[in-house]
Amino acid sequence: MNVQQLLVVSLETSDLICLGYLQDLSDDDLMLRPHVGCNHLNWQIGHLIQSEHEMMQRVASMPTLPDGFARRYTKETQGLDRRNDFCTKDELFQAQQEQRAGTLAALGQISETDLDRPTGVDYAPTVGALLALIPAHWLMHAGQWVIVRRELGRPLLF
């Protein structure tokens with residue numbers, strides 16, 4: 001297995017866990033916050049999609065986000081609780097699939113030496129570090145989703 005294949009496995013594992021946690025949640029469930037002061041799940045998912053898009057644009061051309069998507073998921077919108085201010089679950093899942101397809105396509109074009117190329121980002125200084133951060137970022141947020149799942153009485157999955 002080479003590094004690119006390992007990164008693909010990491011992205012696939014992250015998708016398995018993260019999308020699994022979200023699969024049986026409704027649009028209303030996604031508006032729940034795991035704790036006072038935390039962002040609701042809908043905002044977190046939009047943030048993750050937006051972040052992946054922005055990070056990957058440093059590496060390759062990415063699919064365009066849906067019209068108005070970036071404006072819905074900013075620091076200024078994290079405190080909003082009106083469901084209509086955000087995307088639906090179906091819209092989020094569609095955007096996630098499109099962005100992940102772009103990430104995987106870019107990964108398929110990257111050479112081993114490209115992984116050492118600087119990004120200019122302090123938290124992910126190389127292309128390899130940036131690619132490794134994407135699934136880790138999703139999994140970091142997924143820990144909060146487990147809390148909402150427990151509060152809703154949803155079954156344990158992993």
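Reader: Why does Asp-24 count as partly exposed?

Author: Asp-24 has a relative accessibility of 35%. Buried means under 20% relative accessible area, exposed over 50%, and partly exposed in between, with a 1.4 Å probe and protein chains only. The value for Asp-24 falls in the middle class, so the residue counts as partly exposed. The model is predicted: local features need pLDDT of at least 70, side-chain atom pairs count only at pLDDT 80 or more, and totals for chains, interfaces and linings use all residues. Residues are numbered from 1 along each chain as its sequence is written, and side-chain values use heavy atoms, with hydrogens and water left out.

Reader: Where is Asp-24 found, and what is it in contact with, leaving aside its neighbours within four places in sequence?

Author: Asp-24 sits in the loop between α1 and α2; helices are DSSP runs of H or I with at least four residues, strands are runs of E with at least two, and both are numbered from the N terminus. Contact means heavy atoms within 4.5 Å. With neighbours within four places in sequence set aside, Asp-24 contacts Asp-29, Lys-89, Arg-149, Arg-154 and Pro-155. Between the C-alpha atoms of Asp-24 and Arg-154 the separation is 8.5 Å, for residues 130 apart along the chain.

Reader: What makes Arg-149 count as buried?

Author: Its relative accessibility is 3%. That value is under the 20% limit, so Arg-149 is buried. Arg-149 belongs to helix α5. Not counting residues up to four places away in sequence, Arg-149 touches Gly-20, Tyr-21, Asp-24, Leu-25, Arg-154, Pro-155 and Leu-157.

Reader: Is Leu-152 buried or partly exposed?

Author: Leu-152, in the segment after α5, has 31% relative accessibility and therefore counts as partly exposed. Residues up to four places away in sequence aside, Leu-152 touches Leu-25, Asp-29 and Leu-32.

Reader: Why are α1 and α4 called roughly antiparallel?

Author: Two packed helices are described by the angle between their axes and the distance between the axes. Axes are lines fitted to C-alpha atoms, for helices over the stretch in contact, and angles run from 0 to 180 degrees between N-to-C directions. For α1 and α4 the angle is about 175° and the axes are 11 Å apart. Angles under 35 degrees count as roughly parallel, over 145 as roughly antiparallel, 65 to 115 as roughly perpendicular and the rest as oblique. The α1 and α4 pair is therefore roughly antiparallel.

Reader: Which residues meet in that pair, α1 and α4?

Author: Gln-4, Leu-7, Val-8, Leu-11, Asp-15, Leu-19, Leu-22 and Gln-23 of α1 meet Lys-89, Phe-93, Gln-96, Arg-100, Thr-103, Leu-104 and Leu-107 of α4. Sorted by class, this contact of α1 with α4 has 8 nonpolar, 4 polar and 3 charged residues. Here Ala, Val, Leu, Ile, Met, Phe, Trp, Tyr, Cys and Pro count as nonpolar, Asp, Glu, Lys and Arg as charged, and the others, Gly among them, as polar.

Reader: What does the side chain of Gln-4 reach?

Author: The side chain of Gln-4 reaches the backbone oxygen of Ile-110 at 2.8 Å. Gln-4 lies in helix α1 (residues 3-23) and is buried at a relative accessible area of 12%.

Reader: How do you know that the reach of α4 is close to the expected one?

Author: The expected span of a helix is 1.5 Å times one less than its number of residues. Helix α4 has 21 residues and reaches 30 Å from its first C-alpha to its last, close to the 30 Å expected. The buried residues of α4 include Lys-89, Leu-92, Phe-93 and Ala-95. Among what covers the buried residues of α4 are α1, α2, α3 (69-72) and α5. Gln-94, also in α4, is partly exposed at 42%.

Reader: Why is α2 said to be largely enclosed by the rest of the structure?

Author: Of the 16 residues of α2, 14 are buried, so the helix is largely enclosed. Gln-50 touches Leu-65, Phe-69 and Ala-70, not counting residues up to four places away in sequence.

Reader: What makes α2 roughly antiparallel to α5?

Author: The axes of α2 and helix α5 (residues 127-151) come within 11 Å and cross at roughly 180°. That angle is over 145 degrees, which makes α2 roughly antiparallel to α5. By class, the contact of α2 with α5 has 13 nonpolar, 6 polar and 1 charged residues.

Note on methods. A polar contact is a pair of N or O atoms within 3.5 Å; within protein, one must be able to donate a hydrogen and the other to accept it, and residues adjacent in sequence count only if both atoms are side-chain atoms.
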